[in-house]
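Here is a briefing on a structure, grouped by topic. Look over the sequence and the model before reading on.

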Amino acid sequence: MTAAEKDLFTLLASLHPVVREGEYVYALWPHGKPLGGHIAAAVREAEGLTVVLPRPDADALGLSYDFVAAWITLQVHSSLEAVGLTAAVGAALTEAKISCNVLAGFHHDHLLVPAADAERALEVLHELSAGSRSANGGQLPAPALVLRTEQPADRHAILALTAAAFAISPLTGLPVDGEPEEVELLRRLFDCEEYLPDFSIVAELDGEIVGHVISTRGWAGELQLLGLGPLGVTPRLQRHGIGSALMKETIDRANAAGERGIALLGSPDYYARFGFVPSTSLGVQTPDPAWAERFQLLPLAVWPGGISAAFRYAKPFGVPTSAA
């Protein structure tokens with residue numbers, strides 16, 4: 001049996017978080033009732049027995065619960081005598097405003113986080129692990145992520161990456177029939193008048209393009225803005241912080257270039273961390289009323305304020321410009 005690891009830097013650099021399938025809940029087990037269901041953990045207290053089990057089992061047994069969680073296992077063999085791992089993981093998730101309950105097993109530590117925050121928690125943990133590798137004097141070295149401006153020779157790889165990244169629809173969660181529409185959109189954006197070379201950015205890892213984001217010229221009335229998207233990351237490396245790195249690079253470039261703001265359509269839970277807010281809160285109406293709060297805007301350092309106009313994307317998006 002492999003010896004359990006005690007060194008904090010090594011533990012953090014080797015976290016390898018994995019989500020267990022399904023949703024889990026905490027429930028108080030009825031006194032005197034024989035144990036049933038697929039109980040994954042239990043804690044005996046003076047007040048009774050707390051169990052953690054799959055949500056469908058709790059429903060079938062008629063158990064009440066409030067907290068619905070995703071179960072993340074840190075697949076590093078941590079010693080029960082290790083110092084600081086729980087504190088470091090807890091601090092990183094706290095900073096991201098993600099609640100976390102920790103269960104320590106003989107081989108691994110397990111985190112139960114709100115089910116809706118599972119993907120964001122994985123990204124935080126991957127970023128924590130990558131930062132620890134960097135800070136640990138090169139232990140467990142990993143290839144450095146390179147962010148650079150897209151070149152025409154990159155486009156075949158970018159389109160292939162985009163096809164893979166959007167093979168599962170982000171809206172429905174179902175496989176896409178044929179080529180994802182984001183691929184053709186990207187082809188047209190590369191060739192349109194609103195294309196901005198400095199805002200087509202690739203992420204490269206060990207010589208391989210593993211992520212890409214593009215922002216093209218957009219407008220709110222006469223005010224020039226950036227319209228961001230699509231953003232894609234190769235599936236095997238999603239939730240490893242590459243998307244966040246591309247977003248931060250875009251924001252840094254936009255501020256340096258004196259851009260006024262960045263608009264996008266996406267998950268408010270994800271993009272709020274970068275400072276995006278519903279566009280209507282800043283006087284910018286959505287191109288399509290059906291988008292509601294999913295259409296967001298990041299006001300940059302030179303945001304002028306006092307705007308009251310609908311956003312217009314670059315022509316390849318094909319969004320009606322009269323919508324408000």
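R120 sits in helix α4 (residues 118-135). Helices (H or I, at least four residues) and strands (E, at least two) are DSSP runs, numbered from the N terminus. This is a predicted model: local features need pLDDT of at least 70, side-chain atom pairs count only at pLDDT 80 or more, and totals for chains, interfaces and linings use all residues. Residues are numbered from 1 along each chain as its sequence is written, and side-chain values use heavy atoms, with hydrogens and water left out.

- R120 counts as buried, at 18% relative accessibility. Buried means under 20% relative accessible area, exposed over 50%, and partly exposed in between (1.4 Å probe, protein chains only).
- The side chains of R120 and D117 are joined by a polar contact of 3.2 Å. A polar contact is a pair of N or O atoms within 3.5 Å; within protein, one must be able to donate a hydrogen and the other to accept it, and residues adjacent in sequence count only if both atoms are side-chain atoms.
- Neighbours within four places in sequence aside, R120 contacts A96, K97, I98, D269 and R273. Contact means heavy atoms within 4.5 Å.

**The six-stranded sheet**

- Six strands form an open sheet in the order β2-β3-β1-β4-β6-β5, with antiparallel pairing. Two strands pair if DSSP finds at least two bridges between them.
- β2 (41-45) and β5 (101-104) stand at the edges with a single partner strand each, so one side of each has no neighbour in the sheet.
- β5 pairs with β6 (residues 109-114) in the antiparallel sense over four bridges. A104 stands opposite D109 in β6.
- Helix α3 (residues 85-95) packs on the sheet and touches β4 (68-74), β5 and β6. The direction of α3 makes about 20° with that of β6. Axes are lines fitted to C-alpha atoms, for helices over the stretch in contact, and angles run from 0 to 180 degrees between N-to-C directions.

**Helix α5**

- I158, L159, L161, T162 and A165 are buried in α5 (residues 155-165).
- These residues lie on the same side of α5, because they cover an arc of only 160° around the axis. The arc is that of the directions from the helix axis to the C-beta atoms.
- The cover over the buried residues of α5 includes α6 (181-191), β8 (200-205), β9 (208-220) and β10 (223-233).

**Backbone exceptions**

- Most residues other than glycine have a negative phi, and most peptide bonds are trans.
- K97, in the loop between α3 and β5, has a positive phi of about 60°. K97 is exposed, at 72% relative accessible area.
- G229 and P230 are joined by a cis peptide bond, with omega about 0°. P230 lies in β10.
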